[in-house]
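Hello,

Here is the structure I promised to pass on. Please open it first, then read my notes below.

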Amino acid sequence: MDDAPTLGLDLDATLIHGALGTVIADLGRDIEVEQGIAGIHDQVIAEGHRLVGEDPALAYDWQATVARICATREAVVPFDIAERLAEVADERTLLLEDATVPVLRTIGARGWRRVVLTNGWRRYQDPALRAVGLTEVIDDVVTADAVGAPKPAAAMFAAARGEHGGGLVHLGDRLDDDVLGAHGAGARAILYCPWAPTAVHGPCDEVGQGALRGFLRDLAQRQSARVHPADPQVRPDAVITTIEDLPALLPAFAEPV
Ligand SMILES: [Mg+2]
């Protein structure tokens with residue numbers, strides 16, 4: 001047990017754009033070309049979205065979803081998703097900002113633990129982390145398969161904090177998984193939104209509350225987020241549009257709530 005503060009870091013659409021979507025598209029195309037069975041890709045994506053609402057623990061097991069859909073269509077699964085991701089991660093994983101690695105290095109040097117907190121499964125996310133050089137600037141990785149329940153489950157945030165006593169603040173792009181999840185677990189939340197209007201940048205106590213309410217309503221709609229945008233738990237503690245704004249904000253979150 002120590003008093004080190006923890007920074008949780010969502011991965012997809014916060015730090016990176018991963019290759020999973022293109023791999024599932026490849027899989028659908030292979031089945032269509034080689035087996036003459038169309039529409040598998042759309043079915044797999046729709047089933048993934050349905051599961052997020054109905055059985056979230058299964059929603060991120062893409063290989064199992066593919067296997068089930070293929071069985072109903074009498075198609076043969078053409079390849080293993082994790083193996084294909086490992087092959088293509090280097091060329092298809094995009095780091096959203098060039099500054100990410102140096103910024104996370106700076107934050108680590110200031111005594112923060114940096115923990116990736118992602119609903120993607122470990123075997124799908126590890127190749128992406130390696131591909132963009134993030135493994136060297138993070139201290140731990142918490143995935144939904146290891147915890148048994150994806151964000152917004154409080155268990156994910158508890159796993160990120162571990163035995164450390166300092167503050168826990170989570171950076172993410174989604175109002176449901178990231179902001180609501182962090183607040184439900186007694187942590188604080190910084191929302192990453194590159195297109196957020198200037199009127200809502202920075203600590204949310206210091207911005208116009210009318211503009212903030214309008215922004216959150218708009219964002220909830222765009223994300224089809226599973227939240228009520230007026231719920232106080234959905235209001236982040238700060239909004240940033242670039243990772244470069246993160247180091248200056250963090251000292252305010254170093255102590256536990
Ligand atoms: Mg995300």
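**The metal site**

Along the chain, the donors of the magnesium ion follow the spacing D-x1-D-x160-D. Keep in mind that this is a predicted model.

Which residues are the protein donors of the magnesium ion? They are D10 (OD), D12 (O) and D173 (OD), at 2.1 to 2.2 Å from the ion. D10 and D173 link distant parts of the chain, 163 residues apart. D10 sits in the loop between β1 (6–9) and β2 (16–17). D173 sits in the loop between β6 (168–172) and α10 (175–184).

Are D10 and D173 buried or exposed? D10 has a relative accessible area of 6%, so it is buried. D173 has 14%, so D173 is buried too. The cut-off for buried is under 20%.

**Q125, a contact of D12**

Q125 is found in helix α7. Leaving out residues up to four places away in sequence, Q125 touches L11, D12, T118 and G120. D12 is also one of the magnesium donors. Q125 is buried, because its relative accessible area is 7%. From Q125 to T143 the C-alpha distance is 8.5 Å, and the two are 18 residues apart in sequence.

**How the helices pack**

Two packed helices are described by the angle between their axes and the distance between the axes.

Start with α1 and α5. Helix α1 covers residues 20–35 and helix α5 covers residues 81–92. Their axes come within 10 Å and cross at roughly 125 degrees. That angle makes α1 oblique to α5. The crossing of α1 past α5 is right-handed. By class, this contact has six nonpolar, one polar and four charged residues. On the α1 side the residues are L20, T22, V23, D26, L27 and D30. On the α5 side they are I81, R84, L85, V88 and R92.

Next, α5 and α7. Helix α7 runs over residues 122–131. Here the axes come within 9 Å and cross at roughly 10 degrees. Why does α5 count as roughly parallel to α7? Angles under 35 degrees count as roughly parallel, so α5 is roughly parallel to α7. The residues of this contact divide into nine nonpolar, no polar and two charged. From α5 come I81, A82, L85, A86, A89 and D90. From α7 come R123, Y124, P127, A128 and A131.

Last, α1 and α2. Helix α2 spans residues 40–54. The two helices pack at an angle of about 140 degrees, with their axes 8 Å apart. α1 and α2 are therefore oblique to each other. What is the make-up of their contact by class? It has seven nonpolar, two polar and no charged residues. α1 brings I24, A25, L27, G28 and I31. α2 brings I40, H41, V44 and I45.

**Backbone points to check**

A cis peptide bond joins K151 and P152. Its omega is about 15 degrees. P152 has its place in the loop between α8 (144–147) and α9 (154–161).

One is A13, with phi near 70 degrees. A13 lies in the loop between β1 and β2, and D10 is in that loop as well. A13 is partly exposed, at 39% relative accessible area.

The other is E74, with phi near 55 degrees. E74 is found in the loop between α4 (62–73) and α5. Is E74 buried or exposed? It counts as exposed, because its relative accessibility is 73%.

A185 is found in the loop between α10 and β7 (188–192). Setting aside neighbours within four places in sequence, A185 is in contact with A154, F157 and R161. A185 and H228 are 43 residues apart in sequence. In space they are 18 Å apart, C-alpha to C-alpha.

Over to you.

Key. Residues are numbered from 1 along each chain as its sequence is written. This is a predicted model: local features need pLDDT of at least 70, side-chain atom pairs count only at pLDDT 80 or more; totals for chains, interfaces and linings use all residues. Side-chain values use heavy atoms; hydrogens and water are left out. Axes are lines fitted to C-alpha atoms, for helices over the stretch in contact, and angles run from 0 to 180 degrees between N-to-C directions. Helices (H or I, at least four residues) and strands (E, at least two) are DSSP runs, numbered from the N terminus. Angles under 35 degrees count as roughly parallel, over 145 as roughly antiparallel, 65 to 115 as roughly perpendicular and the rest as oblique. A crossing is left-handed if the near helix is turned anticlockwise from the far one by less than a right angle, and right-handed if clockwise. Contact means heavy atoms within 4.5 Å. Ala, Val, Leu, Ile, Met, Phe, Trp, Tyr, Cys and Pro count as nonpolar, Asp, Glu, Lys and Arg as charged, and the others, Gly among them, as polar. Donors are N, O and S atoms within 2.8 Å of the metal (3.2 Å for Na, K and Ca); water is not among the atoms, so sites may look incomplete. Buried means under 20% relative accessible area, exposed over 50%, partly exposed in between (1.4 Å probe, protein chains only).
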